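Dear colleague,

Please find the structure below, together with its sequence. A summary of the findings follows it.

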Amino acid sequence: MNLELLESFGQNYPEEADGTLDCISMALTCTFNRWGTLLAVGCNDGRIVIWDFLTRGIAKIISAHIHPVCSLCWSRDGHKLVSASTDNIVSQWDVLTGDCDQRFRFPSPILKLQCHPRDMDKVLVCPMKSAPVLLTLSDCKHVVLPVDDDSDLNVVAAFDRRGEYIYTGNAKGKILVLSTNTQELVASFRVTTGTSNTTAIKSIEFARKGSCFLINTADRIIRVYDGREILTCGRDGEPEPMQKLQDLVNRTPWKRCCFSGDGEYIVAGSARQHALYIWEKSIGNLVKILHGTRGELLLDVAWHPVRPIIASISSGVVSIWAQNQVILDTQSMYVELVFFPKSLFIAILSASFQLKRIICLQENWSAFAPDFKELDENVEYEERESEFDIEDEDKSEPEQTGADAAEDEEVDVTTVDPIVAFCSSDEELEDNKALLYLPIAPEVEDPEENPFGPPPDASGLTGNTEDASPSGDKKQRQPSSETGPAKKKARTTTIELKGVPSDEVHPLLGVKGDGKSKKKTAGRPKGSKGKDKDFPFRPKPYKGEQPSLSVETLSGSGLGGGGGMKGRAEGGLATGKYAPAAGSCADTGCLRGNPPPTPTPTPTPSSLYCFHFM
């Protein structure tokens, strides 16, 4: 369909909630691809969930990281996805296969990463307490971008719309414009709150269309600038912002800001609650405030590249905001069609072609045709003479004009014109190799091991069973060709940055207490040896020959379900303080000391443990 025909004639921003997306685990960050057909969501368990945004279904799940995903970015063609986790790892993923192409390990946590808008080989990374780094994926090289003050390393950075320049901002309000290819300083200016006071730069975001960009600062004001004016002013310029957006009543600090797909609106998420503020960029008026669930904190906000739709994350759930819709009952479908002649109805069918609901979009039909006339009641139409005749006998033959002569020309119905919304201002054609959608594989419950019969080489495998060792060692078996080649392990490159502390903790993992972030230590804390009540003992596996035991022996020794020595709980679980003892054991069922009774042909347990209690 042509997207221009689907655009609304009313307001071009969301007005109400339109459901949520459940990612099974807690969502932390999200981003749309260039066309808005896929939504990638990073979760706290390290997975990346890719949603088909048209069907609102999960298209793919990538087990990307072990630690939470803190930043995501799509490549230009949509085939690659770059992610960063809280363990300082940056990875590049193939969206179709779900394989990791390569990894980069940084010394400090990653606050943000961004793919180059045109060159898919470059990625901009903003490490914590470090200057921004420009990565080159093909040769695994990196370039540290210059900063204004070496002592102030709280720097944020972003590519401009076409990737020609990189804008960086520090905690002192200084903005540097660097050339992407040469890293040379092109322009610079300072963001001030008054005469000389400066404010820290929190984020820099560019619009998808036009040359405007916004700066979110610590003084709770969003400033909108024109990129062409910044380049014209040059170094140490003093450009004036086009708009200053803020909440004068509540003095709300902003967590995340971004432009709409057409660049005409700006949305900012509150850092105090789940609330979205929408301004019109041209006049700077606040047009809408979207309130989520009270008490929730906002984590991320993303505006759809084409539609007036916003995705926000709070409390691990992705909320969708869209334009208001009138939902009608399916039982009164025909009645509503009669009594709402000014409405456009959309029928939504399920996968089994059952009518689920009808959406009524209020439209002004007179906007489509100036000659449109609204009728309050049915009017009998009077047919004119020879109106529906194939040939009008009374009509005189006019002379052939240019319009009539063009009727005999052939009409091209095979060529597909590019969608303007998907093309940039300097492009005329779409990317034919772009990845807009993902194939969704059907989910099979309790799949059989081999539903299609034995493999072709089953006879060869059965013939070699006599040569197999009686112990059934699985390590000696070679994988068959049916399993396919093993996946290539991704290469990991360590990025060394001078003077960057390696003990920093990502803000997502910070623990509130004394006002400073404390790093969570893995395992038991120091000084708690023998005092950990959650895990009272540590089993020591028995090494050596494992004879098989009968059911009576297991139940009598306490390894089975119930009975046994004092100190064992029901079901074989024990409580108490574990203390390994040397030598033999008084327990008749212990394998370290006395041997068990005569074994019976029962299945051999995979591992047996002996617990000694004081």
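**Findings**

Asp-94 belongs to strand E8 (residues 89-94); helices (H or I, at least four residues) and strands (E, at least two) are DSSP runs, numbered from the N terminus. The model is a predicted one, in which local features need pLDDT of at least 70 and side-chain atom pairs count only at pLDDT 80 or more, while totals for chains, interfaces and linings use all residues. Residues are numbered from 1 along each chain as its sequence is written, and side-chain values use heavy atoms, with hydrogens and water left out.

With a relative accessibility of 18%, Asp-94 counts as buried (under 20% relative accessible area; exposed is over 50% and partly exposed lies in between, with a 1.4 Å probe and protein chains only). Its side chain reaches the backbone nitrogen of Thr-97 at 3.2 Å. Setting aside neighbours within four places in sequence, Asp-94 is in contact (heavy atoms within 4.5 Å) with His-79, Lys-80, Asp-99 and Asp-101.

The largest nonpolar core comprises 19 residues, and Val-90, Phe-104, Phe-106, Leu-113, Val-123, Val-125 and Leu-135 have the most contacts inside it. Such a core is a set of buried Ala, Val, Leu, Ile, Met, Phe, Trp, Tyr and Cys residues joined through side-chain atoms within 4.5 Å. Two or more residues are contributed by each of strands E6 (69-74), E7 (80-85), E10 (110-115), E11 (122-127) and E12 (133-136). E10 provides the largest share, three residues. Beyond its neighbours within four places in sequence, Phe-104 is in contact with Asn-88, Ile-89, Val-90, Leu-135, Leu-137, Cys-140, Thr-493 and Ile-495. Another core, of 18 residues, lies apart from this one and includes Cys-23, Phe-53, Val-318 and Ile-320.

A search of the whole structure finds zero disulfides (pairs of cysteine sulfur atoms within 2.5 Å). For Cys-23, the nearest cysteine sulfur is that of Cys-43, 4.8 Å away. Cys-23 is buried at 2% relative accessibility, and Cys-100 is buried at 13%.

Four strands form an open sheet in the order E18-E19-E20-E21, with antiparallel pairing; two strands pair if DSSP finds at least two bridges between them. Strands E18 (201-206) and E21 (243-245) stand at the edges with a single partner strand each, so one side of each is left without a neighbour in the sheet. Strand E19 (residues 212-217) is joined to strand E20 (residues 222-226) by five bridges. Asn-216 stands opposite Ile-222 in E20.

Kind regards

Notes: Polar contact = N/O pair within 3.5 Å; in protein donor to acceptor, adjacent residues only side chain to side chain.
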